[in-house]
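Please find below a colleague's note on the structure shown here.

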Amino acid sequence: MIEVNNLHKSFKSKKDTVKALDGLSFQAKDGEITGILGPNGAGKTTCLRTLYGLLSADEGFATIDGIHVTKNPLAARARLGIFPDKFGLYERLTAYEQIDYFASLHGLTGTAKKQAIENVLTDLDMRELAHRKTAGFSQGQRMKVTLAQALVHQPQNFVLDEPTRGLDVMSTRVLRNYLSKFKEKGHCILFSSHVMQEVAALCDRVIIVANGKLAAQGTPQELCDLAGETQLEEAFVKLIGSDEGVAA
Amino acid sequence: MIQFKALLLKELKEAFRDKRALMVALSMGVLLPVMIMVMSKVMINEAVDNPAIYVKFSGEEYAPKLIKAFKDENILSFKDVPEDEKRNWNERNIDFIIPDTFAQDMSDGKPIEIILRAEYGEKSLASPLRRIRDVVSDYSRSIGFKRLLVRGIDVKLLQPVNLQEQDTSLPTSNALMISLVLGMYLMMGAFMSGLSISIDSSAGERERNVLEMLLCQPVSTVKIVLAKLFCSSIIAIISITLMLTLTSFSMNFVDLAKIGATFNIDIMTTLTLMLLLIPICFLASSLQLFFAFQAKTFKEAQSTVTMLIMLPSFVPMAMMMMDDKPAWTEWMPISGQSLLMEDIFKGLPVDWMVLLVTSGATLALTAGLVFTLAKKLTSEKVVMSLS
């Protein structure tokens, strides 16, 4: 379970101050997929980076399974699987070696590690890729490797920052199926995206962020009802109060 | 420990698969022995053999005996120079002028003025000029002695004090040159071999967007920095080991004693040098990582970190220039090691206390850099510049 409480964060430069988060609060519960929607610059990535413990909030706090992220970042991160905004791969390593590396970083060893790697390779249907170096992988293949390395330790919580960018239909479907399966096992999934259909189809609850604040939350249906629209996209535009960022 | 092992293993795997960076690192190790060997060979040839010297004599017909004395020492007339060396000797342009009154003055017992004209600042002329001077003074002395002898005077009277020079430490200038180059090259090797690996594992990872992913893992940044430090230090250590082993092997083919060198690169010296240089490898890697991590791109890192090359090249040079070295230079990183290396090459015994202190200071500085860098990596500034 991921909880964000009254997060404030501003970035100061010599010329001006940008308020990225302005009292954002929400919860992502276990056994649910929670989507974060918001226009560009709404504070999604800042919020997620605060969750990873990379940034510290000016005010408020975030917890992962009750562990305070700023006070105990290593313990909090151990319960987290991360699919970051920009993901790169170690191109001189094979896919298997990368997954092995991240498994070891999460403290897995010996047969437990081997078994965990085998499981994730089977789940993501990527055995054929496993022993190839990742240089020259396609976007979909890269996504699979990143997903595998984030999930090899079976984290209770899983955060994805716009995972479907640049993916074809087949890869998107693989990802969706996997997330659904993962949810059924009782894990907590937090998912930021720009693609309305995807959020509508996949998410149990949706959080709409605008200007660093919570604009609205609820199931996709509830949001549509709230805005008096039939399509989530229309509801989104209405709820954030402008059509800025929807085109992205 | 599991984490550190995984981090280090991954760094090493990446480093050893980066063929180009590895080649740069190890080529330094292979080049040094070849260079030192060629250099010594050339110097020994110059110092020991008596290569022909071609002098532009004028008035050689006035002093046939002096010319013969020259000829015995392989100092020949420019007229006899072989075609392929003509240009060289023409440029060196050594003039030797014998006056036409030579024979007359000789028989009258008057002092004779002979002129040797050349560019004395030219390094390649140092040895030929010395030889010409030696021949003339030997010739002059032998005639002087003969004159005294025929007058019934013991020539020993001319030498009331006889100075016997016994050189205990200072090698001749040639050997000094070799040891200077060797010392500088070893320092350079320790300093620069891990360079490309350090840049690749820091600025390179940032550019390839893998650093953020790593910083999000439940690993302390100290471990991350240490793993990268050990990886590039290991590469540098491999490089200097290769360098020293090959140098010591190739030196077997060169007799350094011929040019007055008082050191020998045997196993003991090799081990001492290794002991001296390993802390330098760590310090160098930590400096490289420190600056490379602050750079935004690979290219920026390359230009910043390359400036570090000044440290291993300027510090030993400054040490050479300084006549009165303050005490702190003995234990300061880099200067301490270069002074110790100078001692080793002079054939002096190693001051183990100094070695211990300077190694300690070097490692302490390394640790300081590692912890500062680890702290910096947790700062928001670094995170913000990730994208």
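1. A polar contact is a pair of N or O atoms within 3.5 Å; within protein, one must be able to donate a hydrogen and the other to accept it, and residues adjacent in sequence count only if both atoms are side-chain atoms. By this rule, ten residue pairs (both at pLDDT 80 or more) are in polar contact across the interface of chain B and chain A.

2. The model is predicted: local features need pLDDT of at least 70, side-chain atom pairs count only at pLDDT 80 or more, and totals for chains, interfaces and linings use all residues. Side-chain values use heavy atoms, without hydrogens and water.

3. Chain B contributes 29 residues to the contact and chain A 33 residues, contact meaning heavy atoms within 4.5 Å. About 3,000 Å² is buried between them, 61% of it from carbon and sulfur atoms; buried area is the accessible area (1.4 Å probe) lost by two parts on being put together, summed over both.

4. Five salt bridges are found across the interface of chain B and chain A (a side-chain nitrogen of Lys or Arg within 4 Å of a carboxyl oxygen of Asp or Glu). One of them joins Asp18(B) to Arg92(A), with the closest N and O atoms 3.8 Å apart.

5. Leu356(B) lies in helix α16 of chain B, helices being DSSP runs (H or I, at least four residues) numbered from the N terminus. Leu356(B) counts as exposed because its relative accessibility is 59%, the cut-off being over 50% (1.4 Å probe, protein chains only).

Definitions and conventions
Residues numbered from 1 in each chain as written. Chains lettered and ligands numbered in written order. Helix = DSSP H or I, 4+ residues; strand = E, 2+ residues; numbered from the N terminus. Buried < 20%, exposed > 50% of the residue type's maximum accessible area, 1.4 Å probe, protein only.
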